[in-house]
Amino acid sequence: MRLTTKGRFAVTAMLDLAMREGGGPVTLAGISERQSISLSYLEQLFGKLRRAELVDSVRGPGGGYTLAKQICDISVADIIVAVDEPVDATQCGGRENCRGSQRCMTHDLWTNLNVTIFDYLSKVSLASLVEEQHTKEQQTKESSVVQDKRDSCSSSRAAASSAL
């Protein structure tokens, strides 16, 4: 089972949008630059996201995209379904014809895995991903501050040693 680029890019782009929309509509060009996703690919994805009513487009100068729902009301599963991304671990795509016209012996195992994955992704909200990302960014900033203090302490010690 794998989640293809389409699903991963859609979730990444929606997370980027959710983290920045407080400053107004977010441009696809900005998302493209920050996330290294082709602008034309984002245009295709956002067309699907708009049709699924997950995002709204704002035309004109200062335009871009905003979320159409509260971030707590958008799940990762919603995003993946919106871009027509199948989450399917079965070899047959759920058609039950794994072995010609018959189901394979492990069909139910993979079908149950699909259900479990979809249930999990349905419980992960865009809000929780934003919160997680903010926490990571805060930890990175704190780590940088600690490193800067260490660097300045090392510089101060080196200067004091050379003065002696």
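User: How are helix 1 and helix 2 oriented to each other?
Analyst: Roughly perpendicular (65 to 115 degrees). In this predicted model, helix 1 (residues 5–20) and helix 2 (residues 28–35) pack at an angle of about 115 degrees, axes 10 Å apart. Axes are lines fitted to C-alpha atoms over the stretch in contact, with angles from 0 to 180 degrees between N-to-C directions. Helices are DSSP runs (H or I, at least four residues), strands likewise (E, at least two), numbered from the N terminus.

User: Which residues meet between helix 1 and helix 2?
Analyst: T12, A13, D16, L17 and R20 in helix 1 meet I31, R34 and Q35 in helix 2. Contact means heavy atoms within 4.5 Å.

User: And what's buried in helix 2?
Analyst: L28, G30, I31 and S32, buried being under 20% relative accessible area with a 1.4 Å probe, protein chains only. They pack against helix 1, helix 3 and strand 2.

User: What comes after helix 2?
Analyst: S36, with a positive phi near 55 degrees.

User: New topic: what does L126 touch?
Analyst: Beyond its neighbours within four places in sequence, L126 contacts M14, L15, A18, L67, I71, I74 and I79.

Key: Residues are numbered from 1 along each chain as its sequence is written. This is a predicted model: local features need pLDDT of at least 70, side-chain atom pairs count only at pLDDT 80 or more; totals for chains, interfaces and linings use all residues. Side-chain values use heavy atoms; hydrogens and water are left out. Angles under 35 degrees count as roughly parallel, over 145 as roughly antiparallel, 65 to 115 as roughly perpendicular and the rest as oblique. Buried means under 20% relative accessible area, exposed over 50%, partly exposed in between (1.4 Å probe, protein chains only).
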